[in-house]
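I want to go through a few side chains and write down what I find.

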2 protein chains.
Amino acid sequence: MARTGRPRGFDRDEAVTQAMHLFWEHGFEGVSLEQLRRSMGDISSASFYAAFGSKEALYRTALNSYLATHGTVMSALRDQRLTPRQRIEQALRRSAEMQTDPTHPTGCMVALSSIIGSEGGASVQALTSAEREANRKAILACVDAAIADGTLRRETNPAGLATLFEGLLVGLSIQARDGVPTKDLDAGVTQALNAWDANILRS
Amino acid sequence: MARTGRPRGFDRDEAVTQAMHLFWEHGFEGVSLEQLRRSMGDISSASFYAAFGSKEALYRTALNSYLATHGTVMSALRDQRLTPRQRIEQALRRSAEMQTDPTHPTGCMVALSSIIGSEGGASVQALTSAEREANRKAILACVDAAIADGTLRRETNPAGLATLFEGLLVGLSIQARDGVPTKDLDAGVTQALNAWDANILRS
DNA sequence: TGACTTCTGGATCAGATAATCCAGAATTAG
DNA sequence: CTAATTCTGGATTATCTGATCCAGAAGTCA
């Protein structure tokens, strides 16, 4: 059943997408309310707050929208149909490609949009740091699984391998922003996998 | 010969160090003039502008101060007394240690303090992106040198190895911010070097 | 029709922002 | 001493910040 009352004069989903692009490009604190409202078709301040509540609430919504769309390149990391090595490889290669797609801002919104900020920005920064921690744990789980199933040697340093892959993962964002082309990022992933293979148990 | 006129009421070098720490921690746009002046002993606005010219000019000065102090961990990258592999290893291990030193903000100021920002912040962002590009080129030069001297195979993809090492380098900053301990970062460097060794020419 | 609900236009808010101005204080040079 | 130079305290600027308020418009429901 349709809601009662005057209908909204703009498309809320489209507006969230616009906000996502702005936050992705400039970061949470780098985007102003005026910019956001303008990107939504010059809607009024009242319309903005009626629809989204606050700038921070919109950022949460936009971040969730990112995770549900472009962010899904990371889902390979939990795909149990793949081997642990394939999970990491897919997550990295898909990230490298997505992050250099010219149809949207470069890099990853989780890695870039709120790493740093002013003194009172802890609650916003916590949103993305929680995502990064989840990724770090998922990568570590891949390494642990490969040690458990005998693919990697028991002497393998799991935290070291996880640091390497997650470090490269977030590093891709900065490199993408700096204009490093897709093929170089992908070649970096290929080289990183050599580190995995160096820990393979040989019989 | 001492300068004429009324002497400055505060220590300019100390003030620059304070500014460096603030910009390092919160980024260029995340620090306000009031915060800066307060950290310098509540100096007046007039004193601030007489001494530094503008917020952006102070940021340039603070960034140079960073490069001349903590930033010197990267000098190993150009140390011709070391082998190409040692240059990369030293730069990475020293960065990992410096970036987690609890006596100052975590991560690297070049990687964090102005990757993103509002629409008009291009000139500030260019300062750190130029530094990162220089590092990327220096890493690539190490790889090229090792191929030229026969250490690495001719088929080695130089851009791929450079992406891996520079990706990890800047990735360390985000991981350090996220609280990853020094020993894990260092173990990540150890693993990354396996990728180098996988490209060694065996006779 | 009329009651009810929801959204909008436009003015407005208090506080923060980077930056400037000026009179006077503190120093050196001659 | 006087003149020249440089810095400081304090007020002040214009602009931007995120957010709120209210009257009225535009719908649904009975």
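This is a predicted model: local features need pLDDT of at least 70, side-chain atom pairs count only at pLDDT 80 or more; totals for chains, interfaces and linings use all residues.

I started with Gln191(B), which counts as buried because its relative accessibility is 6% (buried is under 20% relative accessible area, exposed over 50%, partly exposed in between, with a 1.4 Å probe and protein chains only). Gln191(B) sits in helix 9 (residues 182–197) of chain B; helices are DSSP runs of H or I with at least four residues, numbered from the N terminus.

Residues are numbered from 1 along each chain as its sequence is written, chains are lettered from A and ligands numbered from 1 in the order in which they are written, and side-chain values use heavy atoms, with hydrogens and water left out.

Next I looked up what Gln191(B) touches, setting aside neighbours within four places in sequence: Asn157(A), Gly160(A), Leu161(A), Leu164(A), Ala195(A) and Asn199(A). Contact here means heavy atoms within 4.5 Å. The side chains of Gln191(B) and Asn199(A) also make a polar contact of 2.8 Å. That term covers a pair of N or O atoms within 3.5 Å; within protein, one must be able to donate a hydrogen and the other to accept it, and residues adjacent in sequence count only if both atoms are side-chain atoms.

Then the aromatics. Rings of Phe, Tyr and Trp (its six-membered ring) pair if their centres lie within 6.5 Å, with planes under 30 degrees apart counted as stacked, over 60 as edge-to-face and the rest as tilted. I get 16 aromatic pairs over all chains. Phe23(A) and Tyr59(A) are edge-to-face, because their ring centres are 5.1 Å apart and their planes stand at 90°. Phe23(A) is in helix 1 (residues 12–26) of chain A and Tyr59(A) in helix 4 (residues 55–68) of chain A, so this pair ties together parts 36 residues apart in sequence. Both Phe23(A) and Tyr59(A) are buried.

I also noted one aromatic cluster, formed by Phe10(A), Phe48(A), Tyr49(A) and Phe52(A).

Last, charges over rings (NZ of Lys or CZ of Arg within 6 Å of the ring centre and within 35 degrees of the ring normal). The charged end of Lys55(B) is over the ring of Phe28(B), 4.6 Å from its centre. Arg8(B) lies over the face of Phe10(B), 5.8 Å from the ring centre.

Notes:
Helices (H or I, at least four residues) and strands (E, at least two) are DSSP runs, numbered from the N terminus.
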